[in-house]
Amino acid sequence: MSVSNLKVAVIGANGKVGRFLLTQLKNDTKHFSTPLAVVRSKEQQNFFKNEFGINASLTSIEHSSVKELAAALKGYDAVVFTAGAGGKGLERIFTVDLDGCVKTVEACEQLGIKRLIVVSAIKAEDRSFWWNMEGLRDYYIAKRAADHDVRNSKLDYTILQPGFLQEGKGTGLVQPLDRIEEKKDSYKIEREDVASAIVQCLLHPETTSRKTIELANGDQPIETFIKSL
Ligand SMILES: NC(=O)c1ccc[n+]([C@@H]2O[C@H](COP(=O)([O-])OP(=O)(O)OC[C@H]3O[C@@H](n4cnc5c(N)ncnc54)[C@H](OP(=O)(O)O)[C@@H]3O)[C@@H](O)[C@H]2O)c1
């Protein structure tokens, strides 16, 4: 299946992964139409519209209803959820990481948008991995519950579960899943590589739909990795 003119909406667009992703989507005019940045302030909306040169919707996933969110996403073919409360504040973790994701699923279902990519976190399913992690238990409870809601939907979802996000330049490489345990002492990945993996998922729904995929730095080109799933 070949993808062309795909219209992608990005929730969490102003975040670090979101900005890398929108740069890649904007530059790949062979496969993608002008993307939509879903942001939560007027300044961010102005930036994406006037300086970045793409579409932008001022829609806080925390404060908007599913109907309002659906109105923002209408007309798009695929949605990426990469928003987050930054791991802090129980209420915001609930309303952004958990209910923001759940509302996104509901909005996609209302609109008939089948394709949803969600950025979760590594080993979200495995309580023994995160239960005793300083300051991260609430965050992981929310991520795990959001993942379950996504999996229980009828959407063509892909849940990406990256390791701890790094600021460095993208390597273009990730760890094959049959060797991911080699990284267990410290799962890490550059944010730019997460963005590249999202793009490859959008380009290859045939290998990534209805799957949960762990991401860590490694030695396999991201495109090869995604195509081999
Ligand atoms: N940090 C890690 O090591 C790690 C590891 C695995 C997975 N993750 C996940 O990876 C994802 C992306 O990470 P990142 O580094 O790009 O995070 P980030 O830079 O904090 O970006 C998150 C974005 O979500 C936006 N957001 C927050 N509340 C919102 C709301 N109510 N409505 C709309 N947007 C809202 C933020 O807006 P503002 O720009 O206005 O703040 C921000 O732009 C997150 O889901 C995170 O949980 C992180």
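Begin by selecting S41 and Q44 in this predicted model, and show the side chain of S41, since a polar atom of that side chain lies 3.2 Å from the backbone nitrogen of Q44. S41 itself is placed in the loop between β2 and α2, the helix of residues 42–52. Is S41 buried or exposed? With a relative accessibility of 18%, S41 counts as buried, because the cut-off for that word is under 20% relative accessible area.

Next, select the strands and look at the sheet to which β2 belongs: it is an open sheet of seven strands in the order β3-β2-β1-β4-β5-β6-β10, and the pairing is parallel. At its edges you will find β3 (55–58) and β10 (211–215), each of which pairs on one side only. If you compare neighbouring strands, they are turned by 20° against each other on average, direction ignored.

Within this sheet, highlight residues 78–81 and residues 115–119, which are β4 and β5, and which pair in the parallel sense over four bridges. Here V79 stands opposite L116 in β5.

T82 is buried, with a relative accessible area of 15%, and if residues up to four places away in sequence are left aside, T82 touches V10, I11, G12, V17, G18 and V119.

Now select residues 66–73, which form helix α3; this helix lies across β1 (8–11), β2 (36–39), β3 and β4, and runs at about 135° to β1. Which residues of α3 are buried? They are V66, L69, A70, A72 and L73. Seen down the axis of α3, these buried residues fall within an arc of 160°, so they line one face of the helix. An α-helix has 3.6 residues a turn, so residues three or four places apart point the same way. The buried residues of α3 pack against β1, β2, β3 and β4, and also against α4 (90–111). Turn the view to the face of α3 directed away from the buried side, and you will see the exposed residues K67 and A71. Just after α3, stop at G75, whose phi is positive, at about 95°.

Finally, select residues 137–152 to see helix α6, which lies across β5, β6 (156–162) and β10, and which runs at about 155° to β6.

How values were computed
Residues numbered from 1 in each chain as written. Predicted model: local features only at pLDDT ≥ 70, side-chain atom pairs only at ≥ 80, totals over all residues. Heavy atoms only, no water. Pairing = 2+ DSSP bridges. Helix = DSSP H or I, 4+ residues; strand = E, 2+ residues; numbered from the N terminus. Axes fitted to C-alpha atoms, helices over the stretch in contact; angles between N-to-C directions. Contact = heavy atoms within 4.5 Å. Buried < 20%, exposed > 50% of the residue type's maximum accessible area, 1.4 Å probe, protein only. Arc of directions from axis to C-beta. Polar contact = N/O pair within 3.5 Å; in protein donor to acceptor, adjacent residues only side chain to side chain.
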